[in-house]
Amino acid sequence: MIVIGGGLAGLAAGIALAESGWRVRLFEQRPFLGGRATSYVLPDGEHVDNCQHVTLGCCTNLEDFYTRIGAAGKIKFFDRLYFLDPQGRHGEMQAGSLPAPFHLTGSFAAFAPLALLDKLSIARAMLDILRTKGKPSDLQENDGISMLEWLRRRRQTKRAIERFWRVVLVSALDEELDRTDARFGVDVFWKAFLSNSAGYRMGVPAVPLANLYDGCKWEIERRGGEVVLRAPVRGLKMENGELSGIRFDEGREETADAYVFAVPHTALAGLLPESVKQSVPSLANLDKIKVAPITGVHFWFDRPVMDEPFLTLLDTTSQWIFNKTALYADSNSKEQTAPAGQYLQLVISASYDLLQKPRQEIIDLCLGEVWEALPAARDAELLKATVIKEAAATFSPEPGVDRWRPKQQTSLPRLFLAGDWTDTGWPATMEGAVRSGYLAAEALLRTTGAPRKFLQPDLEPDGFIAMWLGKQNTASGSR
Ligand SMILES: Cc1cc2nc3c(=O)[nH]c(=O)nc-3n(C[C@H](O)[C@H](O)[C@H](O)COP(=O)(O)OP(=O)(O)OC[C@H]3O[C@@H](n4cnc5c(N)ncnc54)[C@H](O)[C@@H]3O)c2cc1C
């Protein structure tokens with residue numbers, strides 16, 4: 001079988017199918033694996049992530065995938081999240097001794113960047129999510145309502161929206177609240193913050209992203225397959241309305257028993273013949289799925305300027321600062337010598353306003369914010385800086401977008417799809433991409449009469465939530 005695309009979706013499908021005994025041939029157009037969640041070497045020799053990527057404790061399929069490819073040990077998990085507002089007030093989120101859903105209550109109560117009224121309004125909305133087990137009834141209205149509308153209905157204060165909901169959700173979903181389907185927003189809080197006390201833990205790679213995938217090529221090739229880089233697929237070969245192969249440059253063709261297209265939806269739309277778009281209903285609306293940008297800004301200072309491993313900034317253009325030097329530091333190394341300089345990476349999600357701005361203007365803007373947040377940086381020399389703009393970083397989780405997301409199995413025999421944008425129920429994340437790959441593998445295996453399960457369950461609810469749901473299940477079971 002053939003997989004087209006070596007991002008997380010294609011790799012997850014490839015690994016699952018190789019494990020199931022298939023000879024997998026994976027074709028990736030770029031010289032490295034990882035797709036959007038990758039890293040590469042700049043002309044000056046610096047190895048940079050395409051953009052900082054983080055995972056959460058609730059991302060069970062990504063964790064399973066990392067384990068399968070031997071990369072789980074390369075992710076550092078953090079229990080404490082750090083926040084800073086322009087007035088210099090620090091806030092932290094860390095689980096205390098109370099069980100879920102109250103595990104974050106202590107740090108939330110002490111969270112200085114929010115006032116009591118803001119906290120009360122947030123608590124009210126959280127109670128609504130809890131009461132409805134993450135499924136408030138108005139989420140389904142008119143094919144979905146926006147997160148901002150959902151929050152307004154729950155009378156959230158302006159500051160609660162700006163300094164809490166927006167901060168968490170723009171980073172998690174890469175879209176502004178008025179363009180985000182409330183279903184995704186509520187789900188983030190239910191899965192990451194309420195139903196399980198470990199769901200919010202943040203996982204950050206301790207190596208450049210491309211290094212996470214070293215095991216993939218090895219694993220596929222060990223089982224008789226191959227991973228071919230610099231191999232852009234140029235089109236589909238159709239014979240009598242059936243998919244019979246894929247086309248490469250110079251007229252080269254490859255054939256297989258089944259094909260998993262794991263490319264972004266914009267790329268797939270360019271590859272599909274018009275006849276397929278018209279005959280396969282689920283592929284007719286790919287152009288309705290919009291995209292959203294993320295901008296990464298990389299700073300190299302001549303000395304350490306930051307102590308925390310990462311920091312969330314409130315009320316600024318820069319949303320996160322990651323201390324890459326600390327994150328890459330080998331925690332197992334006995335010799336802990338102080339680093340000479342420090343490498344920081346800033347992340348700005350839904351960065352529509354930055355897309356047209358010149359790079360130097362973005363550097364100046366973000367450097368000013370770093371000086372405010374990290375006073376030590378004012379005395380440091382900025383050795384170099386880089387801006388990486390990803391105009392189509394993720395699909396936009398607009399209200400109703402799920403209508404346009406196709407299932408992994410199509411009505412065209414032998415054609416399967418994977419990608420964060422396919423129908424996974426999840427927003428555009430590494431977890432969503434891996435889920436799609438597993439679902440594509442499961443769909444393919446079902447058609448061969450040898451079904452196998454790869455999709456991992458969500459984190460089990462724990463604490464009071466488990467007791468409460470358990471009680472409810474017993475009650476409904478006895479009815
Ligand atoms: C800047 C940025 C920051 C992000 N931050 C986070 C984060 O912190 N946490 C998180 O969970 N997610 C994050 N994401 C989202 C995450 O990266 C994606 O959801 C995920 O990587 C998508 O994987 P995929 O396999 O579906 O698609 P992709 O990674 O896009 O993979 C598709 C692959 O197909 C290849 N391809 C395309 N066309 C062809 C062709 N014709 N022939 C052969 N190969 C082809 C591409 O080169 C690519 O390798 C971020 C994304 C970006 C861009």
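Between which two strands does the loop that holds Asp315 lie? Asp315 is placed in the loop between strand E16 (310–313) and strand E17 (320–323). Helices here (H or I, at least four residues) and strands (E, at least two) are DSSP runs, numbered from the N terminus.

## Basis of the report

This is a predicted model, in which local features need pLDDT of at least 70 and side-chain atom pairs count only at pLDDT 80 or more, while totals for chains, interfaces and linings use all residues. Residues are numbered from 1 along each chain as its sequence is written, and side-chain values use heavy atoms, with hydrogens and water left out.

## Surroundings of the ligand

A polar side-chain atom of Arg36 lies 2.8 Å from an oxygen atom of the ligand. A backbone N or O atom of Ala9 is 2.9 Å from an oxygen atom of the ligand, and a backbone N or O atom of Val233 is 2.9 Å from a nitrogen atom of the ligand. Taken alone, the ligand exposes 1000 Å², of which the protein buries 92%. Accessible areas come from the Shrake-Rupley method with a 1.4 Å probe, and for residues only the protein chains shown count as cover.

## Arg36 and its partners

Arg36 also takes part in a salt bridge with Asp420, at 2.9 Å from N to O. A salt bridge is a side-chain nitrogen of Lys or Arg within 4 Å of a carboxyl oxygen of Asp or Glu. The pair links distant parts of the chain, 384 residues apart: Asp420 is in the loop between strand E20 (415–417) and H13, and Arg36 in the loop between strand E2 (25–27) and strand E3 (39–41). Asp420 is buried, at a relative accessible area of 7%, whereas Arg36 is partly exposed at 29%. Buried means under 20% relative accessible area, exposed over 50%, and partly exposed in between (1.4 Å probe, protein chains only).

The side chain of Asn50 reaches the backbone oxygen of Arg36 at 2.7 Å. Asn50 is in the loop between E4 and strand E5 (55–56) and is buried, with a relative accessible area of 5%.

## Other salt bridges

The count of salt bridges comes to 42. Side chains of opposite charge can pair when their charged atoms come close. Lys384 and Glu46 meet in one of these bridges, at 2.8 Å from N to O. Lys384 lies in strand E19 and Glu46 in the loop between E3 and strand E4 (47–49), so this pair ties together parts that are 338 residues apart in sequence.

Another salt bridge joins Arg183 and Asp402, with the closest N and O atoms 2.7 Å apart. Arg183 lies in helix H7 (residues 182–194) and Asp402 in the loop between E19 and E20, so the pair ties together parts 219 residues apart in sequence. Salt bridges that share partners also join Asp128, Arg131, Asp138, Glu141, Glu149, Arg153 and Arg154 into one network.

## Backbone features

Most residues other than glycine have a negative phi, and most peptide bonds are trans. Asp315 has a positive phi of about 65° although it is not a glycine, and Asp315 is partly exposed, with a relative accessible area of 45%. Arg155, also not a glycine, has a positive phi of about 45°. Arg155 is in the loop between helix H5 (147–153) and helix H6 (158–173) and is exposed, at 60% relative accessible area.

A cis peptide bond, with omega of about 10°, joins Ala100 and Pro101. Pro101 is in the loop between strand E8 (90–94) and helix H3 (105–109).

Note on methods. A polar contact is a pair of N or O atoms within 3.5 Å; within protein, one must be able to donate a hydrogen and the other to accept it, and residues adjacent in sequence count only if both atoms are side-chain atoms.
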